[in-house]
Each structure stands twice: as C-alpha cells, then as structure tokens.
Amino acid sequence: MPVKPLLPGRHLLPAFSLMIGLMPVPAAAFLHASETDTDSGRALYVEHCAACHGVDLEGQPDWRSPDANGLYPAPPHDETGHTWHHDDAMLIDYIARGGQAVLDDMGVTFTSSMPGFESVLAESEIEAILDYIKSTWPEHIRDAQAQRSNAAAD
C-alpha cells in the first residue's frame, strides 16, 4: 500500500511562492497583511482611536471647521478624510509624537489637538492600526497612498 505524503500538494509550495513574488507590489503587499494583523489593528484602533475618530473611521461632525477654541474636530480616517494624502512615515510620526509636535517641526501654523501615543503604543502597534485603516480604503486610494509612501522613502 503506498504511503500518503504528510502535506498533500507540498510540491505546489515552490510554485505558489514564485507566483507571489511575481505579483504586482500592491497585490503582494495585500497578501503580506494577514486577517489576524488587520483584526489586531482594528482592536487597537477601537481601543485608542475610535473615541475621537469614530468606530467606523467617520471622524467628528464638522471636522473641517474649528470649534469655539479654534481646534479642529478629529478628521475621518475613511476615504472621505485626508489621512490617505500622507505617507506612512509622516502618519507614524504624527501618531507617535502627536500632531502639534509634527506640525511645529514642519513649520505649519495650525493647532492640533491630536495627542502623542509613543508612550502607549509600540511602533508595530501604530503600524497595525494604519494597516487596519488602509484596509478599509478603496484600492485606488490605497494605491495613491502607497505611491506617496514610496516617493517619501526614496
């Protein structure tokens, strides 16, 4: 009686690995972020971000208009907001150090009420949150934001 292999189809693994390596960058990057990573990022987002930015990433009402104190409400992180207009490095810095520190370094005269989370979140957790946020965007917006990130990294 023939012996069955322990891993049926194991001869397909090298071919599958080659196919992933030949995929366009956005498709390969999408395969890199597992559902578990996205779930982890969503849980972190709900715990640390949703109180201001909304459970569904919708932001606060009238986020484009300053309040009585001159502060702008938290913007949405879905495709209707401007998060995707920024590269990954800037977004990570903004979350870690807080909005005002980053804006001051950039010479932008704008008052931000975004607190810094570097004492609360590890960089890998911030990246997981961003991965979750990006996973909700339409493909053309993910592609545009990835291009900004790639250009800023060069």
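At 61% relative accessibility, D62 counts as exposed, where exposed means over 50% relative accessible area, buried under 20% and partly exposed in between (1.4 Å probe, protein chains only). Select D62 to begin: this residue lies in the loop between α4 and α5. D62 has a positive phi of about 50° although it is not a glycine.

A word on what you are looking at: this is a predicted model, in which local features need pLDDT of at least 70 and side-chain atom pairs count only at pLDDT 80 or more, while totals for chains, interfaces and linings use all residues. Residues are numbered from 1 along each chain as its sequence is written, and side-chain values use heavy atoms, with hydrogens and water left out.

**Next stop: L57.** Stay in the loop between α4 and α5, where L57 is also found. Is L57 buried or exposed? With a relative accessible area of 3%, L57 is buried. Its phi is positive too, at about 65°, although L57 is not a glycine.

**Zoom out.** Now show the whole protein chain as a cartoon. You will find eight helices and zero strands; helices (H or I, at least four residues) and strands (E, at least two) are DSSP runs, numbered from the N terminus. Of the 154 residues, 29% count as buried. Among contacts (heavy atoms within 4.5 Å) between residues at least 6 apart in sequence, 44% join residues at least 24 apart.

**Select α5 and α7.** Colour residues 88-97 for α5 and residues 123-135 for α7. Their axes come within 10 Å and cross at roughly 120°; axes are lines fitted to C-alpha atoms, for helices over the stretch in contact, and angles run from 0 to 180 degrees between N-to-C directions. The helices α5 and α7 are therefore oblique to each other, since angles under 35 degrees count as roughly parallel, over 145 as roughly antiparallel, 65 to 115 as roughly perpendicular and the rest as oblique.

Show side chains here: D88, L91, I92, I95 and A96 in α5 meet E123, I126, E127, L130 and K134 in α7. By class, this contact has six nonpolar, no polar and four charged residues. Ala, Val, Leu, Ile, Met, Phe, Trp, Tyr, Cys and Pro count as nonpolar, Asp, Glu, Lys and Arg as charged, and the others, Gly among them, as polar.

S119 counts as exposed, at 72% relative accessibility.

**Last stop: the aromatic rings.** How many aromatic pairs does a search of the whole structure find? It finds two. Rings of Phe, Tyr and Trp (its six-membered ring) pair if their centres lie within 6.5 Å; planes under 30 degrees apart count as stacked, over 60 as edge-to-face and the rest as tilted.

Y45 lies in helix α3 (residues 35-48) and Y132 in helix α7, so the pair ties together parts that are 87 residues apart in sequence. Both Y45 and Y132 are buried.

Then select Y72 and F110, a stacked pair at 5.0 Å centre to centre and 25° between the planes. Y72 sits in the loop between α4 (50-53) and α5, and F110 in the loop between α6 (99-106) and α7, 38 residues apart. Y72 is partly exposed at 30% relative accessibility, and F110 is partly exposed with a relative accessible area of 34%.
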